[in-house]
Amino acid sequence: MELHVWPSDFGLPSIDVSSLQFLACAKMCASPIQVISSKSPWNSPTGEYPVLFDKTNEKTAAITDFDKYVDVLRRSGQDVVIDQLLTSQDRAQLDAFFHAIFIKNLNPAVLQAFWADDLNYHTVTQHWYSSRLHFPYNLYYLEKRRKLAIRRLEGKSTTTVLKNAFQALNVLSTKLGDNKFFCGNKPTSLDALVFGYLAPLLRVQLPNDRLYVQLTACPNLVRFVETVSTIYLPLTEEQLKTQQLDRKMWQQRLQKAKAEKELIKNSETSAGEVSAAEEPPMRDSILFAVAAVTLSVLFALHSGIIQVTVEDDAEVIAE
């Protein structure tokens, strides 16, 4: 079996959420899968990675769905069976947990952070994929994937997305507690799913990093990511060498983006202060208006434009 995933970077064997989930799950059950870092997603039936090419049967099957992938791992005959100790009720609870936490809360936050946020996208995401895909396919791929991400976020404000993500991280932190993994001392497919979402948020440095800040406020989740990375997904010497060459470039891009962000923030603050200074207070505006009306009336009286006639009340009554 061959597992094709996006290449490694930022201290991870891949920066793609789904690729990390597939990788972690395979390593957690010591599956003899050949992992191939690929840059040709058009070879996948969905046009995306990861994809498992199962060649154990006469007809090669291409698997891109995580649940089907886990099922293949369970039936592949290795000594460690993923989710072996989970009952059917446990798996049903995991499915409900997956939908509530990941699909509704964390996935939108990851899409927002890497694809919808302009500064993050142009600083990291666009450059990363553009430099690994051939021109002009890279233009088509990036446009397609970004439009899809933005479409999935329609009707959700950035504030709402972040709020839901913060709540999800707190729920995960509470569920993990002091345990090594989410279901005890042995990893399950749930751990692979969690790792896939959290690892990029923790390792990929983004200029708009509110999710990173919130994640680091949950030290047990940080410990969990480091544990899975160290035990199951250590980088090869080749991966370490390649990433070391690009590290300085990514740091420079991050520093430049943060400087631009600060400049824009200062410009907006200055513009707001100037606008406030130019706008006269309400009390001054009222006093000015009253003075102007008073002067106009006095001028009109003085020039004879307005004449005031006073009648004698006694004469009026006699008549």
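Predicted model: local features only at pLDDT ≥ 70, side-chain atom pairs only at ≥ 80, totals over all residues.

Biologist: What is worth noting about phi in Ala30?

Modeller: Most residues other than glycine have a negative phi. Ala30 has a positive phi, near 50 degrees, and is not a glycine. Asp83 is also a non-glycine with a positive phi, of about 65 degrees.

Biologist: Which peptide bond involving Pro50 is cis?

Modeller: The bond that joins Tyr49 and Pro50, with omega about 5 degrees. Pro50 lies in the loop between strand 2 (34-37) and strand 3 (51-54). Another cis bond joins Phe135 and Pro136, and there omega is about 5 degrees as well. Pro136 belongs to the loop between helix 4 (118-130) and helix 5 (137-152). As a rule, most peptide bonds are trans.

Biologist: Is Cys25 buried or exposed?

Modeller: Buried: Cys25 has 0% relative accessibility, against a limit of under 20%.

Biologist: Why is Cys183 called partly exposed?

Modeller: Cys183 sits at 35% relative accessibility.

Biologist: What makes you say strand 1 and strand 3 pair?

Modeller: Pairing takes at least two bridges. Strand 1 (residues 2-5) and strand 3 are joined by 3 bridges and run antiparallel, so they pair. In that pairing, His4 stands opposite Val51. Strand 3 has 3 bridges to strand 4 (residues 61-63) as well, again antiparallel, with Phe53 opposite Ala62.

Biologist: How do you know that both faces of strand 3 are covered?

Modeller: Look at the side chains on either side: Val51 and Phe53 on one, Leu52 and Asp54 on the other, all buried.

Biologist: Now the spaces. What makes the largest cavity a cavity rather than a pocket?

Modeller: In a cavity a 1.4 Å probe fits but cannot get out, whereas a pocket is open. The whole structure has 1 cavity of 30 Å³ or more, and the largest cavity holds about 40 Å³. The lining consists of Phe10, Thr123, Val124, Gln205, Trp250, Arg253 and Leu254. Helix 4 and helix 10 (237-278) are the elements that give two or more residues, and the largest share, 3 residues, is from helix 10.

Biologist: How does the lining of the largest cavity divide by class?

Modeller: Into 4 nonpolar, 2 polar and 1 charged.

Biologist: What is the volume of the largest pocket, and which residues are closest to its centre?

Modeller: About 1300 Å³. Of the 42 lining residues, Val17, Ser18, Gln21, Asn107 and Tyr197 are the closest to the centre. Helix 3 gives the largest share of this lining, 11 residues. By class, the lining has 22 nonpolar, 7 polar and 13 charged residues.

Biologist: And the second largest pocket, what volume does that have?

Modeller: About 300 Å³. Its 16 lining residues include Asp117, Thr158, Leu162, Asn208 and Arg210, the closest to the centre. Helix 3, helix 6 (158-176) and helix 8 (210-216) each supply at least two residues.

Biologist: Last one: which residues does UniProt list as a coiled-coil region?

Modeller: An unreviewed UniProt entry lists residues 240-267 under that name. In the model this span is 100% helix and 0% strand, and its end C-alpha atoms lie 40 Å apart. The label comes from the record, and such annotations may be inferred rather than shown by experiment.

Methods
Residues numbered from 1 in each chain as written. Heavy atoms only, no water. Helix = DSSP H or I, 4+ residues; strand = E, 2+ residues; numbered from the N terminus. 1 Å grid on protein atoms, 1.4 Å probe; cavity = no way out; pocket = protein on both sides within 12 Å on 5 of 7 lines; lining within 4 Å. Points joined across faces, edges and corners; volume = space filled by probe spheres on them. Nonpolar A, V, L, I, M, F, W, Y, C, P; charged D, E, K, R; others polar. Buried < 20%, exposed > 50% of the residue type's maximum accessible area, 1.4 Å probe, protein only.
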